[in-house]
Amino acid sequence: MLEDGSLYAGEARGDFRETPCEVVFNTSMTGYVEILTDPSYAGQGIVMTYPMIGNYGVSKEDFESDKLQPCAFLVHELCDTPSNFRNTQTIDSLLKEYGIPCMSGLDTRAVVKKLRESGTMRGVITDDISDKDRLMQVIKDFRQEKLVESVTLREKRVRGEENSGAKIALMDFGTKRNITNNLVKRGCVVTEYPAWTTAEEVLRDKPDGIMLSNGPGDPADCVDIIKEIRKFYDVGIPTFAICLGHQLMALSVGGETERMKYGHRGANHPVKFLHEDRTYLSSQNHGYMVNGKGLPSNAEINCINVNDKTVEGIVYHGKPIFTVQFHPEASAGPRDTSFLFDRFLKMVAEGRYDD
């Protein structure tokens with residue numbers, strides 16, 4: 001049941017129970033394990049637009065975090081007979097293992113059409129619609145609060161200790177493992193910090209560069225984090241930010257963010273790099289965006305979304321800082337823009353941004 005009162009029937013699967021959530025949709029054809037373990041989906045119920053989900057089963061090697069993150073998983077058909085040499089279990093058994101309710105048999109086309117027309121809505125999955133007034137109250141009472149705090153690390157940890165390359169401080173706002181993996185395989189020593197860590201504490205460890213991760217929720221709610229990011233900006237340490245990190249950096253220098261009608265969530269979003277006059281396909285997962293207003297004079301929008309012209313990347317001239325709205329680490333999705341990690345490390349080595 002959506003907040004406008006519309007009802008959609010399906011079959012109870014996973015660890016089913018009545019659950020309110022923010023209902024969003026993802027257009028990816030594959031990568032459902034990575035999507036389910038992406039912390040950016042905390043507080044949300046994901047509608048998958050691809051008709052069959054689960055046909056290649058589950059491999060926990062593909063996890064992007066330690067657990068499943070969404071409130072609910074909503075699909076048209078859930079495959080119970082997966083076939084793949086890496087498969088270890090079905091999606092249904094995975095959902096039960098991690099306590100995630102699911103609905104299958106859902107008319108996902110109708111739900112997505114509703115969300116595209118009306119915008120992202122809150123909703124509730126339930127097995128009892130006898131009291132619709134009560135359900136509407138459950139939906140109205142649903143709040144997404146302190147999402148970043150709920151998914152971040154509890155204490156800092158180091159990855160790639162055996163490496164001898166650049167020392168990178170990764171601020172974990174709900175990071176995906178493949179961000180760290182991309183840095184480690186390039187020889188970096190990556191120290192991951194809880195979201196509430198102060199800039200002073202991070203800088204005491206003398207990193208060569210800062211990575212600001214993706215994460216869930218409204219960026220404007222992260223008031224204290226934004227203040228710490230401003231300190232990184234003022235110091236001028238080489239910084240690369242992805243998704244939520246991109247939004248937080250913009251807010252820290254006076255920019256503005258706004259809620260999108262239904263967001264970008266999928267693995268085929270075209271992003272145009274304006275200096276190159278070239279377009280790359282990207283993986284995306286966000287419901288808020290930097291709207292381009294209030295940014296300082298040294299901030300240049302250097303990437304835009306081909307479909308709706310929204311901001312996809314910013315370079316801060318005079319500072320070794322660049323940020324992107326999309327996910328160059330992919331997982332799931334195309335790896336077209338993984339070269340940005342190389343660009344970041346080049347910037348770390350030279351102390352300046354050069355595209």
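Q: Hi! Is A330 buried or exposed in this one?
A: A330 is buried, at a relative accessible area of 1%. Here buried means under 20% relative accessible area, exposed means over 50%, and partly exposed is in between, using a 1.4 Å probe and protein chains only.

Q: Good. What should I know about the model itself?
A: It is a predicted model: local features need pLDDT of at least 70 and side-chain atom pairs count only at pLDDT 80 or more, while totals for chains, interfaces and linings use all residues. Residues are numbered from 1 along each chain as its sequence is written, and side-chain values use heavy atoms, with hydrogens and water left out.

Q: Back to A330, then. What is its phi, and which loop is it in?
A: Its phi is positive, about 60°, although A330 is not a glycine. The loop runs between β18 and α10; helices (H or I, at least four residues) and strands (E, at least two) are DSSP runs numbered from the N terminus.

Q: Where is the cis peptide bond?
A: Between S331 and A332, with omega about 0°. A332 sits in the loop between β18 (321-324) and α10 (339-350). In general, most residues other than glycine have a negative phi and most peptide bonds are trans.

Q: And what about C243's phi?
A: C243 has a positive phi of about 60° and is not a glycine either. You'll find C243 between β13 (239-242) and α9 (244-252), and its 2% relative accessibility makes it buried.

Q: Switching to sheets: what is the strand order in the six-stranded open one?
A: β1-β7-β5-β3-β2-β8, with mixed pairing; two strands pair if DSSP finds at least two bridges between them. β1 (11-14) and β8 (121-125) are at the edges with a single partner strand each, so one side of each has no neighbour in the sheet. The twist averages 35° from one strand to the next.

Q: How do β2 and β3 pair?
A: In the parallel sense, over five bridges, with β2 at residues 19-26 and β3 at 44-48. E22 has Q44 of β3 as its bridge partner.

Q: Which strands does α3 lie across?
A: Helix α3 (108-118) lies across β2, β3, β5 (72-74) and β8, at about 90° to β2. Axes are lines fitted to C-alpha atoms, for helices over the stretch in contact, and angles run from 0 to 180 degrees between N-to-C directions; contact means heavy atoms within 4.5 Å.

Q: Last one: what do β14 and β15 form?
A: A hairpin with four residues between them, and D277 in the turn has a positive phi of about 50°. The two pair in the antiparallel sense over eleven bridges, with F273 opposite R278. Ten of the 13 residues of β15 (278-290) are buried, so this strand is largely enclosed by the rest of the structure.
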